[in-house]
Amino acid sequence: MAMAAAEIEELIRAGIPDARVEITDLAGDGDHYAARVVAPMFKGMPRVRQHQAVYAALGGRMGGVLHALQLTTEAPAEE
Amino acid sequence: MTDDVHARIQGLVDANPVLLFMKGSPLFPQCGFSSRAIAILTHLGVEFESVDVLQDQGVRQGIKAFSDWPTIPQLYVRGEFVGGSDIMMEMYESGELAQLLADKGVAAQA
């Protein structure tokens, strides 16, 4: 089973306000993605919690329908 | 997750300073993410134990709730959940993982 990149992006945006999301389809098979999520709420948050916030936004799909999502998270750079 | 599984996982985490829950064994990882985690720990030269979740369905499902983390591999250092393979890779590249291991007194053998 696979998910469309747009669907992943939408879920993350819905769960994390103000997130900047970039999805890359790594294998071109609609099943192996990389996501880079930059969000103000990540500021001062340990990386494990940042990733957990993204997984929460994906609502249980991670590890299930979404097998392979290579995830990078960070807070936006200070202006 | 049953209390029994929870106690089993807690026991494993408490007993091993560096513990990787993975698919397969260090010599024969059964998934690319587990393979990457092993490569990182091997590069750091740290002694670690591993648990093959494919051999234990209770642990395989239970560890996800235990850590509040949906995927495997999962790295624990001195009882603290560090993260999965993406976090390990980021922390390895930035030097944070070596630093964390040193801070926790499980640095690589010189």
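Where in chain B does C31(B) lie? C31(B) sits in the loop between strand 1 (18-22) and helix 2 (32-44) of chain B.

## About the model

This is a predicted model, in which local features need pLDDT of at least 70, side-chain atom pairs count only at pLDDT 80 or more, and totals for chains, interfaces and linings use all residues. Residues are numbered from 1 along each chain as its sequence is written, chains are lettered from A and ligands numbered from 1 in the order in which they are written, and side-chain values use heavy atoms, leaving out hydrogens and water.

## The fold of chain A

Chain A has two helices and three strands, arranged α-β-β-α-β from the N terminus on. Here helices (H or I, at least four residues) and strands (E, at least two) are DSSP runs, numbered from the N terminus.

Let's turn to its dimensions. The C-alpha atoms of chain A fill a box of roughly 40 × 20 × 20 Å along the principal axes. Buried residues make up 38% of the 79 residues in chain A; buried means under 20% relative accessible area, exposed over 50%, and partly exposed in between (1.4 Å probe, protein chains only).

Contacts (heavy atoms within 4.5 Å) also tell us something about chain A. Among those between residues at least 6 apart in sequence, 56% join residues at least 24 apart.

## The annotated cysteine

UniProt lists C31(B) for "binding site" in an unreviewed entry; such annotations may be inferred rather than shown by experiment. With a relative accessible area of 15%, C31(B) is buried.
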